[in-house]
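Open your viewer and get your selection tool ready. We will go from stop to stop, and at each one I will say what to select and what is there.

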Amino acid sequence: TLTTHRVIWQPAEGGDLAAPIAGPLSRVARADVLMGTWRKSSKVSLFLLHQLDDGAEPQVKLKFHGKGRDAFLSKIQAVLEQEAWKPKEVDASVQRNDGKELFSVTSAGIKGIIREKERLRNAEKRLASTAFEDLDSLIEKAKDVVQVIERFSEKGGSNNADEEDQFAKIVQSLGVASPVTRELAGNAFHEALAREIVDILSALVNRLGSVITLTDVYCLVNRARGTELCSPEDILKASKLMEGLGLQFSLRTFDSGLLALQHASHKESSIQDRILTMATERMANGEGLVAFMVAQELHCGVPLAAQYLDVAEKEERLVRDESPEGLQFYPNRFPEYLAAAGLMEPGQ
């Protein structure tokens, strides 16, 4: 066991050591791995400060069975460099009681600026070293929190819309505890990424709708993954695999070429009915329907709203009016007019 001040040998089961023994690191000058004849040794040598009578450098050898030698060597070298067992010296000539530095000759000029930057770098280095000591435990706690939220989601959560929206924001801000990587998944990377994308988007369906453009998916997924970013090509490949994997989302391509992920609960007829109702209400006021209004009503982006309007036009629910005021849509009344004139059977 390695601490900031000593190395502790724990007794092994069936070994000769009866009780733990410890060696202070303050007596160690350096740690290194000696080169063998053909390969590196599996032992780490701790060279002590005081030489023997014959001038030889005393050392303690630690033998490792299997892996762990390189990790232990890097950690003990970092601990020896920090020298935590030495008392911290405070220069009283340049410090006031409130902790602020006073002017001195050594802090003046270019040399003073260089010396101050070096002091700040050393302080940041110590801070980073201390912070990363507890990084593993922090990640474990974050995983526990995510597991609790996932269990809440599986049980159906709350029937309150505000609470569901708040829950979605929490999931989105927490991100993914352990994002899938090529190193871990190997050849199954895109399949694992597809499942991870579905997990991220499932908590956001109520807030973002059942159809999410691939551009928005790219932003949402990379925000949740933190520093493990995915390329647009990886997102596209993973999206193409979703339908074959039987996941809740599948890739949808609109006639214009716009790509989006569509949830299994999506009902196109319901969307078109809402759009037709909006267009009818707008026409009653002598106004047309535009993509921006559809985006507000359906809580989606304007490009996706424009695609919904194009689909409604192709299904002959709406007609377009292009004018200097812009593109607007109205309910299609031509079948009614033609039927009234006897030129078309009702319902055709």
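## Starting at the surface

Select Tyr 337 first: this residue is exposed, with a relative accessible area of 54%. Buried here means under 20% relative accessible area, exposed over 50%, and partly exposed in between, with a 1.4 Å probe and protein chains only. Before going on, note that this is a predicted model, in which local features need pLDDT of at least 70, side-chain atom pairs count only at pLDDT 80 or more, and totals for chains, interfaces and linings use all residues. Residues are numbered from 1 along each chain as its sequence is written, and side-chain values use heavy atoms, with hydrogens and water left out.

Tyr 337 sits in helix 13 (residues 334-340); helices (H or I, at least four residues) and strands (E, at least two) are DSSP runs, numbered from the N terminus.

## An aromatic pair

Next, select Phe 254 and Tyr 308. Their ring centres are 6.4 Å apart and their planes lie at 80 degrees, so the pair is edge-to-face. Rings of Phe, Tyr and Trp (its six-membered ring) pair if their centres lie within 6.5 Å; planes under 30 degrees apart are stacked, over 60 edge-to-face, and the rest tilted. Phe 254 is in the loop between strand 7 (249-253) and strand 8 (259-263), and Tyr 308 is in helix 12 (residues 302-314), so the pair ties together parts 54 residues apart in sequence. Are these two buried or exposed? Phe 254 counts as buried at 5% relative accessibility, and Tyr 308 counts as buried at 4%.

## Salt bridges

Now show Lys 314 and Asp 255, which form a salt bridge with the closest N and O atoms 3.9 Å apart. The term needs a side-chain nitrogen of Lys or Arg within 4 Å of a carboxyl oxygen of Asp or Glu. Lys 314 lies in helix 12 and Asp 255 in the loop between strand 7 and strand 8, so this pair ties together parts 59 residues apart in sequence. Both residues are exposed.

Move on to Glu 322 and Arg 320, whose salt bridge has its closest N and O atoms 3.1 Å apart. Glu 322 counts as exposed at 58% relative accessibility, while Arg 320 is partly exposed at 35%.

## A loop residue

Select Glu 316, in the loop between helix 12 and strand 9 (318-323). Its phi is near 60 degrees, a positive value in a residue other than glycine.

## Into the core

Finish with Ile 197, Leu 201, Val 217 and Leu 261, the residues with the most contacts inside the largest nonpolar core, which has 22 residues. Such a core is a set of buried Ala, Val, Leu, Ile, Met, Phe, Trp, Tyr and Cys residues joined through side-chain atoms within 4.5 Å. Which helix supplies the largest share of this core? Helix 6 does, with seven residues.
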